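Subject: Structure handover

Hello,

Here is the structure I promised to pass on. Please open it first, then read the notes below.

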Amino acid sequence: MRGWFKIALWQRVLGALVIGVIFGGVLSQVMGGPAAASWLETFVKPVGDLFISLIRMLIVPLILTTLVSGVVALGDPKKLGSIGLKTMALYFATTFFANIIGIIFGLLFKPGEGVDLGGADAVPVSGEAPTLVERLLGIVPENPVAALADGDVLAIIFFAVLLGIGILMAGRDGKLVGDLFTQAANVVLKVTHLVMEVAPFGVFALVSHTVASQGLEALASIAILIAAVYLGLLTHAVLIYGGIIRFVLNLPVMNFLRGMLDAIAVAYSTASSSATLPVTITNATENLGVKRSIAGSVLPLGATINMDGTALYLGILALFTAQAFGYDLTLANYILIAFTAAIVSIGAAGIPSASLFLLAIVLDTFGVSPEQVAIIVGFILPVDRIMDMARTALNVTGDATVATAVAKWEGELDEDIYRHPADVPYEPKVKPDIADADRE
């Protein structure tokens, strides 16, 4: 057991991911895909489901406590405006570039040309996306307790920010409440550490089941689309996120990647940015040196509205559909696709395959019929999980990039932690709690 815990968590998680891929593939070949998937569903996947339940359990208390304590730690409500503007500007800017890269890769790879859709079972897409006004009004909770119970992230963020401002305005009378939330945030982060010890086992279970249930045959029929999506996501991560870290912030990229590996691995295996949020906050604060005042506000918001992977994916799928059904797109169509993909990706549910059900809105920009949309969804749905895993990993990486940038610009980034070598235990010159107290 001592040897196990001496291995860095990200190494254990990535090792479990690789072993899960091999185990799922081998079991699928030996038992047959359906039999292997059924066996894993019964005996292995429950471990993965347990892991997801554990980290979902932490989302609401983590957002509430870290955000309230973060606002209190700022000491000045005016700084929230500066943080908010920088955060939103960066999220929208990265989404814009994701759209462009998605369309470029759709044009380069032409994944829809020559694809036979005859064997796809149509999957109707039902439900309408809420309007912009409805989304904005939904941010204000009628009942904060109900918002906490329902896990409504944007409503929780709104309430937590107001509560933190109220604590600051109350002065001495609010100090006890502020201290309570600060200590509660510390406790929840410790619980997150405990839950993360389950991560390697959960990742192994989830990935092995995904590989066995999807099968290599299903991947082969749509291999070009998968390659276009993965390379597009990788290009966005390297050029946009890597460019921000290296050239805008003047920070080493490898330190960033090393610090976020736990969160990226969990995001890839769970395909849920919301479920990964506790790990993302822990990695950003403890490995990258992002102060809690920034991490507690920027990262929960990013898990809700920053869906660069979804925007890029929708752009590629739009071109895939046009090529498969023979639509001739104009420059105006490309602009509409990019704009619509950006809008609908904002606030997309942080759950697996949510973006597929936004596809109808994007495809409507160049007149795709509901029947054709259903065929496309039916064709992609069996292997969407494979692409969704990579999209989620990109989204989480983007959240951490923006949090690091905002922290750097606001003077809330501890560069000693960020630049610290991986193989040497970090010993802060001043304990964080004491430093925060002195600053206040």
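Helices (H or I, at least four residues) and strands (E, at least two) are DSSP runs, numbered from the N terminus. With that in hand, Asn250 is found in the loop between helix 11 and helix 12. Its phi is near 60 degrees, a positive value in a residue other than glycine.

Some ground rules. This is a predicted model, in which local features need pLDDT of at least 70 and side-chain atom pairs count only at pLDDT 80 or more, while totals for chains, interfaces and linings use all residues. Residues are numbered from 1 along each chain as its sequence is written, and side-chain values use heavy atoms, with hydrogens and water left out.

Overall picture

The chain has 20 helices and 0 strands. Of its 440 residues, 51% are buried. Buried means under 20% relative accessible area; exposed means over 50%, and partly exposed lies in between (1.4 Å probe, protein chains only). Contact means heavy atoms within 4.5 Å. Take the contacts between residues at least 6 apart in sequence: 85% of them join residues at least 24 apart.

Confidence

pLDDT is the predictor's confidence in each residue, from 0 to 100. The chain averages 84, and 88% of the residues score at least 70. Confidence is highest in helix 11 (residues 223-248), at a mean of 96. It is lowest in helix 20 (residues 432-439), at a mean of 44. Over residues 430-440 pLDDT stays under 50, and the model has 5 contacts beyond four places in sequence for that stretch. Where pLDDT is low, the predicted coordinates should not be read in detail.

The cores

A nonpolar core is a set of buried Ala, Val, Leu, Ile, Met, Phe, Trp, Tyr and Cys residues joined through side-chain atoms within 4.5 Å. The largest one has 111 residues, and Leu225 and Ile380 have the most contacts inside it. Helix 18 gives the most to this core, with 18 residues. Apart from it lies another core, of 6 residues, among them Leu27, Leu40, Val44 and Ala212. What does Leu225 touch, leaving aside its neighbours within four places in sequence? Its contacts are Pro111, Ile316, Leu317, Phe320, Ile380 and Met387.

Helix 12 against helix 18

Two packed helices are described by the angle between their axes and the distance between the axes. Here the axes are lines fitted to C-alpha atoms, for helices over the stretch in contact, and angles run from 0 to 180 degrees between N-to-C directions. Helix 12 (residues 253-270) and helix 18 (residues 370-409) pack at about 145 degrees, with their axes 8 Å apart. On the helix 12 side, the residues that meet helix 18 include Phe256, Met260 and Ile264. Among their counterparts in helix 18 are Arg385, Met389 and Val396. By class, this contact has 11 nonpolar, 6 polar and 1 charged residues. Ala, Val, Leu, Ile, Met, Phe, Trp, Tyr, Cys and Pro count as nonpolar, Asp, Glu, Lys and Arg as charged, and the others, Gly among them, as polar.

Ala271 sits in the loop between helix 12 and helix 13 (273-286). It has a positive phi of about 55 degrees although it is not a glycine. Ala271 is buried, with a relative accessible area of 1%.

Residues to look at

- Thr87 is in helix 5 (residues 78-109). It counts as buried because its relative accessibility is 2%.
- His209 is in helix 10 (residues 199-220). At 11% relative accessibility, His209 is buried.
- Pro300 lies in helix 14 (residues 292-305). Its relative accessibility is 0%, so it counts as buried. Pro300 and Ile157 are 143 residues apart in sequence, yet 7.6 Å apart in space, C-alpha to C-alpha.
- Leu74 is in helix 4 (residues 45-74). It is buried, at 11% relative accessibility.

Best wishes
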